[in-house]
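Take a look at the chain below.

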Amino acid sequence: TVPIDEAKLSVIEAYMKANDTWTFDMNCSHWSLGLWNEVVEEPYRLKNQTLLYTPTRVQKSFSEFDSVEFDKDFSNAGGVFFYQETQSW
């Protein structure tokens with residue numbers, strides 16, 4: 001879990017705008033890994049250890065941390081939303 005503040009929202013938005021296409025080797029898993037690395041501090045960045053990322057490979061990368069949480073309960077989140085330009089959905 002990584003806290004997202006206004007500054008990190010700007011980083012996420014910039015990353016999404018700069019990486020708006022996917023190819024075979026730059027797929028959604030690669031994209032997700034790149035976005036994660038843009039948002040977190042150095043000790044939490046995932047290393048690019050392979051040429052082709054799959055969801056299984058991303059999961060393996062996360063499992064290399066000392067402590068990993070998954071299937072987190074979001075029922076108390078009060079809603080899930082995203083920002084698009086200046087509108088919130």
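**A walk through the chain**

Of the chain's 89 residues, 19% count as buried (under 20% relative accessible area, with a 1.4 Å probe and protein chains only). This is a predicted model, in which local features need pLDDT of at least 70, side-chain atom pairs count only at pLDDT 80 or more, and totals for chains, interfaces and linings use all residues. Residues are numbered from 1 along each chain as its sequence is written, and side-chain values use heavy atoms, with hydrogens and water left out.

The chain holds 3 helices and 2 strands. Both are DSSP runs, numbered from the N terminus: helices are H or I with at least four residues, strands are E with at least two. Starting at the N terminus, the order is α-α-α-β-β.

Now take two helices. Helix α1 spans residues 6-18 and helix α2 spans residues 28-39. They pack at an angle of about 150 degrees, and their axes are 10 Å apart. So α1 is roughly antiparallel to α2 (the term applies to angles over 145 degrees). Axes here are lines fitted to C-alpha atoms over the stretch in contact, and angles run from 0 to 180 degrees between N-to-C directions.

Which residues of α1 meet α2? They are Lys 8, Val 11, Ile 12, Tyr 15 and Met 16. Their partners in α2 include Trp 31, Gly 34 and Leu 35. Contact means heavy atoms within 4.5 Å.

Finally, the rings. The whole structure has 2 aromatic pairs, with ring centres within 6.5 Å. Ring pairs join Tyr 15, Trp 22 and Trp 31 in a cluster. Tyr 15 of α1 and Trp 31 of α2 also belong to the helix contact.

Note on methods
Angles under 35 degrees count as roughly parallel, over 145 as roughly antiparallel, 65 to 115 as roughly perpendicular and the rest as oblique. Rings of Phe, Tyr and Trp (its six-membered ring) pair if their centres lie within 6.5 Å; planes under 30 degrees apart count as stacked, over 60 as edge-to-face and the rest as tilted. Buried means under 20% relative accessible area, exposed over 50%, partly exposed in between (1.4 Å probe, protein chains only).
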